[in-house]
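Please view the sequence and the model together while reading.

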Amino acid sequence: MVNANFLVIGSGVAGLTYAVKIAQRFPNKTVIIVTKADEQESNTKYAQGGVAVVLDLEEDSFQKHIQDTLVAGDGLCDEAVVEMVIKEGPQRLKELMLWGASFDINDSGKLDLGIEGGHSEYRVVHHKDITGFEIERALLQQVHKLSNVTVLSYHFAMDLITEHHLNTPESKNITCYGAYVLDQKTGDIITIRADSTLLASGGIGRVYGHTTNPIIATGDGIAMAYRAKAEIKDMEFVQFHPTALYNNKDGKSFLISEAVRGFGAILRDKNGHRFMPDYDKREELASRDIVSQSIDKELKKSGDTHVFLDCTHLDIDVFKNHFPNIYQECLINHIDVEKDWIPVVPASHYLCGGIVVDKNGKTSVTNLFACGECSRTGLHGANRLASNSLLEALVYAHNIYEYHTAHPVDWICTTIPEWNDDGTSIPKEYVLIQHNLTQLQALMRDYVGIVRSNSRLTKAVRHLDLIYNEVEELYKSVKINTSLCELRNMVNVAHLIIRQSVERKHNKGGYYNVDNVQTDKDSRIKNLL
């Protein structure tokens, strides 16, 4: 048994920002960060665009950023949350810079602000096209200075500890007492008892196979919270990034940032037709849901596997300076951006829903908090505005820290049993896990993708039941390993996405069901699509 005052599950911007603040404020309290890969592997690391924040009050205003966020969220944002996050943004960015994160400066010595789809003004602070990588670097540097923080790399959080695991009668008020954690190098299962637990475990991209997320994005935090009976909401709103680099492989797709279209790149079909003006007056700068649905329609119409992003008319030297990483990745794939069009396809990118939290990051389970992509704050509504996610993580990590400062957690004296795997055996082969994973990803892409329908969702429910039964049987009979736990988590996440898709009767933001056409906007989109 390991004891901690604060347990953090995940090592992206959300988890690390909180850990640094809480450890600095309480030097005599212990913070344990559990992360299932290397400490720097997270969705944050791959965030290219930047942090959307209002800094130029002459050209921009909080009100404009609030309005852009509400428009993207399509009527489902919590307006009080939107206002809070956007107004706190500049202060949180300042802290990041004090911790050593550097962002691009323009010729006049001010922060160089970019523009992305859905934004009405230049307000995206960035570090070349590797902003997330730079933020992660700065935060880890701070973490390593703090003697009361322990980072457990290659440790996988399997389940949250609640009354379900204790020999106590279940009550309506569920409390989290920590987590069972698998040491992936030794195979040992550690019990971590914590006064407070923060889920900062990132997204769910791998459920779809084709994703801009790293392979660790398997929805572990959401699945654990769901099994612990926390409230989960808005899972139907999966954002697909319109422009992932097309290659013929499964797994992580390289992201061609929204900022490239902000820079002037044009979407074309294979015949060179620029199709976005056919769908939206904002053309390539329409919000992600519109661009993704439009590309999806073009692909269904033509039977092609991808469309193209044309950058050949842009100033190549300025492009290389702004997007060195993207330029290099294209060269590795034998694409010369100066002369060639970039083949692109939508890929699963970001989850707008997740574990329901209040303004203090509190979930419906006592002593359990959530932050970052795994949480549902009300900021994004039905569709996230580009570069609002790093901002949200910074603001909520701070709010949770403030809450813990004002409301110290009482130590709960309770006996927690060790993990029991009696009667299980080491699996002789892993083919069943891989087979079910491939089936699950194909099911989600084919039946629960960008454009959905009632009949496809009904089929998805039926197919998922077969996978669920097989995976649960396997889980109960074999010794735990990471790939089995991840698969089980992804099955839980798929169930939530499908169930909440079935329950949604109106199309909003990133959710589009052809059988839900009820408004003028829907009819217009359906006619176009």
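W341 is partly exposed, at 30% relative accessibility, where buried means under 20% relative accessible area, exposed over 50% and partly exposed in between, with a 1.4 Å probe and protein chains only. The model is predicted, so that local features need pLDDT of at least 70 and side-chain atom pairs count only at pLDDT 80 or more, while totals for chains, interfaces and linings use all residues. Residues are numbered from 1 along each chain as its sequence is written, and side-chain values use heavy atoms, with hydrogens and water left out.

Across the whole structure, a search finds 11 aromatic pairs, counted when ring centres of Phe, Tyr and Trp (its six-membered ring) lie within 6.5 Å, with planes under 30 degrees apart called stacked, over 60 edge-to-face and the rest tilted. Two of the pairs are set out here.

| Pair | Centre to centre | Angle between planes | Class |
|---|---|---|---|
| Y180 and W419 | 5.2 Å | 70° | edge-to-face |
| F308 and W341 | 5.7 Å | 55° | tilted |

Y180 belongs to strand β8 (residues 178–183) and W419 to the loop between α10 (389–406) and α11 (431–447), 239 residues apart; helices (H or I, at least four residues) and strands (E, at least two) are DSSP runs numbered from the N terminus. Y180 is buried at 2% relative accessible area, whereas W419 is partly exposed at 22%. F308, in strand β13 (residues 307–310), is paired with W341 in the loop between α9 (324–332) and β14 (342–351), so the pair ties together parts 33 residues apart in sequence. F308 counts as buried, at 17% relative accessibility.
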